[in-house]
Amino acid sequence: MPAPSPTASCATFAGKRILFLMAVEDEYGPHLRQRFTPALIGVGPVEAAIATSLVLHRMDQDHDLPDLVVSLGSAGSRRCELGQVYQVSTVSWRDMDASRLGFTRGVTPFTDHPVDIPLHAPLTLPTARLSTGANIVGGDDYAMIDADMVDMETFAIARACQRFGVPLMGLRGISDGPGDLVDMLGWTGLLAHLDERLAEAVDLLARPTALSAQNK
């Protein structure tokens, strides 16, 4: 697992201190590099949970927690437009299924989180429901997922943020999904384009009214 980036720091937008989180450097292109330095938290829910918790714990120890965490990167979808950026309205965990013991699918036993955790979505961008899991989704697998798009980290980040009382916002650019995903090029082909589009979305955070209703 890559260690959380030691150079990660909060960026200030509209008077709010924002911590940006990304999975891997492949998604961190030149346009985003001009705007912030993220913590790189790795791929998948386990790596993301560990890294996010470590970063927030260190900040908490320094009495320096951010006003907002923003998770951003790529996602797959058969419903959302390829190459476009969406705000995450809610996030769920598609791997969790303890229904044989009477628990609702998607809910971790003996916890209080709902199936769909709502996220902060203040920008003038379309919203979509996100499903997090440990598998790469493609082809007919989308039919089994009750969400608009899929990723591998956001639910884990959301749970870590809840532990530290920090609100979370998600921005996802659609990199793949209309066809079957068969190799790395199917994922990386649009990353340069999404870098530019995600940077435009991040710029919206600087508008005076974008985060005016955001409370820490």
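The axes of helix α2 (residues 45-61) and helix α3 (residues 154-164) come within 8 Å of each other and cross at roughly 25°. That makes α2 roughly parallel to α3, a label given to angles under 35 degrees, with over 145 called roughly antiparallel, 65 to 115 roughly perpendicular and the rest oblique. This is a predicted model, in which local features need pLDDT of at least 70 and side-chain atom pairs count only at pLDDT 80 or more, while totals for chains, interfaces and linings use all residues. Residues are numbered from 1 along each chain as its sequence is written, and side-chain values use heavy atoms, with hydrogens and water left out.

- Two packed helices are described by the angle between their axes and the distance between the axes.
- Here the axes are lines fitted to C-alpha atoms, for helices over the stretch in contact, and angles run from 0 to 180 degrees between N-to-C directions.
- Helices (H or I, at least four residues) and strands (E, at least two) are DSSP runs, numbered from the N terminus.
- α2 passes α3 in a right-handed crossing; right-handed means that the near helix is turned clockwise from the far one by less than a right angle, and left-handed means anticlockwise.
- On the α2 side, P45, A48, A49, T52, S53, L56, H57 and D60 meet A156, I157, A160, C161 and F164 of α3, where contact means heavy atoms within 4.5 Å.
- The residues of this contact divide into 9 nonpolar, 3 polar and 1 charged.
- In that tally, Ala, Val, Leu, Ile, Met, Phe, Trp, Tyr, Cys and Pro count as nonpolar, Asp, Glu, Lys and Arg as charged, and the others, Gly among them, as polar.
- An α-helix has 3.6 residues a turn, so residues three or four places apart point the same way.

- Since 8 of its 11 residues are buried, α3 is largely enclosed by the rest of the structure; buried means under 20% relative accessible area, exposed over 50%, and partly exposed in between (1.4 Å probe, protein chains only).
- The buried residues of α3 are T154, F155, A156, I157, A158, R159, A160 and C161.
- Just after α3, G165 takes a positive phi of about 70°.
- S53 lies in helix α2 and counts as partly exposed at 28% relative accessibility.
- Leaving aside neighbours within four places in sequence, S53 is in contact with A160 and F164.
- From C-alpha to C-alpha, S53 and F164 are 8.6 Å apart in space, though 111 residues apart in sequence.

**Nonpolar cores**

- The largest nonpolar core has 29 residues, and those with the most contacts inside it are V69, V91, M149 and I157.
- A nonpolar core is a set of buried Ala, Val, Leu, Ile, Met, Phe, Trp, Tyr and Cys residues joined through side-chain atoms within 4.5 Å.
- At least two residues of this core come from each of β2 (16-22), α2, β4 (68-76), β5 (85-93), β7 (127-132), α3 and β9 (168-176).
- Another core, of 24 residues, lies apart from it, with L72, V85, V202 and L211 among its members.
- Not counting residues up to four places away in sequence, I157 touches L21, I41, A48, T52, V69, S71 and L168.

- S92 is found in β5 and is buried, with a relative accessible area of 9%.
- Beyond its neighbours within four places in sequence, S92 is in contact with V115, D116, L130, S131, T132 and F155.
- S89 also has its place in β5, but counts as partly exposed at 23% relative accessibility.
- Setting aside residues up to four places away in sequence, S89 touches I117, P118, L119, T127, A128 and R129.
- S89 and E25 are 64 residues apart in sequence and 25 Å apart in space, C-alpha to C-alpha.

**Loop residues to look up**

- H63, in the loop between α2 and β4, is exposed, with a relative accessible area of 75%.
- A separation of 33 Å lies between the C-alpha atoms of H63 and A128, which are 65 residues apart along the chain.
- A14 has a positive phi of about 50° although it is not a glycine.
- A14 sits in the loop between β1 (11-13) and β2 and is partly exposed, with a relative accessible area of 33%.
- F110 is a residue other than glycine with a positive phi, near 65°.
- F110 lies in the loop between β5 and β6 (117-118) and counts as exposed at 78% relative accessibility.
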